[in-house]
Amino acid sequence: MKKYQSALNHNIFRVITQAAEELQLESYVIGGFVRDHILKRGAPKDIDIVAIGSGIALAKKVAEILPHQPKVQVFKNYGTAMLKAFDMEIEFVGARKESYQKDSRKPIVENGSLEDDQNRRDFTINALALSLNEKNFSELLDPFNGIKHLEAKLIKTPLDPDVTYSDDPLRMLRAIRFATQLDFKIEKESLDAITRNKKRIKIISKERITTELHKIMLANRPSKGFALLHKTGLLAIIMPELTALEGIDEIEGQKHKDNFWHTLEVVDNISENTDNLWLRWAALLHDIGKAPTKKFHKKIGWTFHGHEFVGAKMVFKLFKRLRLPLNDKMKYVQKLVLMSSRPIAIVDNDVTDSAVRRLIFDAGDDIEDLMTLCEADITTKNPKRYARYHKNFKVVRKKMKEVEERDKVRKFQPPVSGEEIMQTFNIKPSREIGIIKDTIKEAILEGDIPNEHKAARELMLKKGKELGLMAN
Ligand code: CTP
């Protein structure tokens, strides 16, 4: 069997070997660490160790030997332990044979051999193990052809896929996530089994589901994952709002585009320009309001009036259901969905200074992200139109720069404060103050006055007079 000495240069492995020899048990490094080393996927954060015997005892022994004697976190119920060393999390588990009950992820566990342990893992490429035993240090143990499947870029389960997925339904999402991250193919039997077992995803917690969704979203080409989620029927369970966008309706020869496949293209496009997870989520959700707002009108064809507003409201519901954070991240996604048609609307008309100023004012610091989203939204296959839209967005960006340099509305601070208005007219807090402030803001956004104190003060005095106020 082949040896992978270079994978185990780190001192931690020598320490584990020493600890295991002292306890007279065998140990192996297994799973993602081995897979990613072979795929040359960069420095690992986590290491998974299997002991043939007690993983907890091995963890404790390793902690004793390590100079900083780290704390060992023990998860008694699972028979596992974790410690932190050299900026990595190292998990220890005793090799086991497992079987699961039908309605729970809680396994019934028995001690087992290394091969039993490899057998119960999710995929052959995650079941690769390297020996940490002195007698055969760094030797690869690969009873299920994991190496072959890595080379063939194939996701395959060690056991009958119905058993593997039914044991732990999260693995259905993991299969799709790995296929997306690594650009692998899911073996046909596996894909069929996911389709058959899709309903079992319901027993998995939302947090674990979204962890996988985030990883799919952060891949180079997230559409691959969403297409697989769709194909297997998982997407309709997890995010029916998205699958509702699929399809093209035709009435009297008038069609609209398929907003589901369009959305996936937008997500891929934006992923070429940003690694911001929430901006990618905004791209995924920017059109979700289109399904409930779709209407056909004899004269103008298909419309989706107000879909941005409806979509922003749906973002809240979807985030809540999936237990995504209901904080500023959600508000950011909502804002981008709500504003997602604004830049294109400017382009469709004349790109006036005041329209650009209002756009910057409303988007504030998210203006760049909004533009990135709108550029990703251009998925037309007509090369002339494609070039025209991009050119127009360039015009908008140029104008944005000019307007912002001059008027500074991105972080808008009223040039005349409420305090100044109260002092000038000798009034207490009242409606009039709001009216005057709004008048000034509108005049600046319209370009009637510059964003400066002197001009704003003059307008304040004028408006005050109109309102019957007396200046001091
Ligand atoms: N595993 C499994 N079934 C799961 C989760 C994990 O069989 N539902 C096994 C796999 O062998 C996996 C190992 O546990 O390689 C470690 O799991 P985890 O750290 O979640 O994944 P990695 O494979 O390390 O990959 P990543 O860090 O990208 O999540």
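Author: Let me begin with a term: a residue is called buried when its relative accessible area is under 20%, exposed when that area is over 50%, and partly exposed in between, with a 1.4 Å probe and protein chains only. This is a predicted model, where local features need pLDDT of at least 70 and side-chain atom pairs count only at pLDDT 80 or more, while totals for chains, interfaces and linings use all residues. Residues are numbered from 1 along each chain as its sequence is written, and side-chain values use heavy atoms, with hydrogens and water left out.

Reader: OK, so is His262 buried or exposed?

Author: His262 counts as buried, because its relative accessibility is 4%. This residue lies in helix α13, residues 259-271, where helices (H or I, at least four residues) and strands (E, at least two) are DSSP runs numbered from the N terminus.

Reader: And what is His262 in contact with, leaving aside its neighbours within four places in sequence?

Author: With those neighbours set aside, His262 touches Lys257, His286, Asp287, Asp377 and Thr379, contact meaning heavy atoms within 4.5 Å.

Reader: Let's zoom out: how many helices and strands are there in the chain?

Author: The chain has 24 helices and 15 strands. It is more spread out than a compact globule, because its radius of gyration is 30 Å, well over the 23 Å that the globule rule gives for 472 residues. That radius is taken over C-alpha atoms, and the rule is 2.2 Å times the number of residues to the power 0.38. Along the principal axes, the C-alpha trace spans about 95 × 60 × 40 Å.

Reader: How much of the chain do buried residues make up?

Author: Buried residues make up 50% of the 472 residues. As for contacts in the chain with a separation of 6 or more, 66% are accounted for by residues 24 or more positions apart.

Reader: Switching to strands, which way do β3 and β4 run?

Author: Strand β3 (residues 73-75) and β4 run antiparallel, joined by 3 bridges; two strands are said to pair if DSSP finds at least two bridges between them. Within this pair, Gln73 stands opposite Met82 in β4. The two strands form a hairpin with 4 residues between them, and Gly79 in the turn has a positive phi of about 65°.

Reader: What does β4 pair with over 6 bridges?

Author: That partner is strand β5 (residues 88-94), again in the antiparallel sense, with Thr80 opposite Val93 in β5. The hairpin of β4 and β5 has 2 residues between the strands, and Phe86 takes a positive phi near 50° there. Strand β4 (residues 80-85) is largely enclosed by the rest of the structure, because 5 of its 6 residues are buried.

Reader: Where does Asn145 lie, and what is its phi?

Author: Asn145 lies in the loop between β9 (140-141) and α5 (146-151), and has a positive phi of about 60° although it is not a glycine. For background, most residues other than glycine have a negative phi. Asn145 is partly exposed, at a relative accessible area of 38%. Lys153, in the loop between α5 and β10 (154-155), has a positive phi of about 55° and counts as partly exposed at 39% relative accessibility.

Reader: Back to helices: at what angle do the axes of α20 and α21 cross?

Author: The axes of α20 (residues 367-376) and α21 (residues 383-407) cross at roughly 170° and come within 11 Å. Here axes are lines fitted to C-alpha atoms, for helices over the stretch in contact, and angles run from 0 to 180 degrees between N-to-C directions. The crossing makes α20 roughly antiparallel to α21, since angles over 145 degrees count that way, under 35 as roughly parallel, 65 to 115 as roughly perpendicular and the rest as oblique.

Reader: Which residues make the contact?

Author: On the α20 side they include Ile367, Met371 and Cys374, and on the α21 side they include Phe393, Val396 and Met400.

Reader: And what about Trp281, is it buried or exposed?

Author: Trp281 counts as buried at 0% relative accessibility, and its place is in helix α14 (residues 277-285). Apart from neighbours within four places in sequence, Trp281 has contacts that include Leu213, Met239 and Val333.
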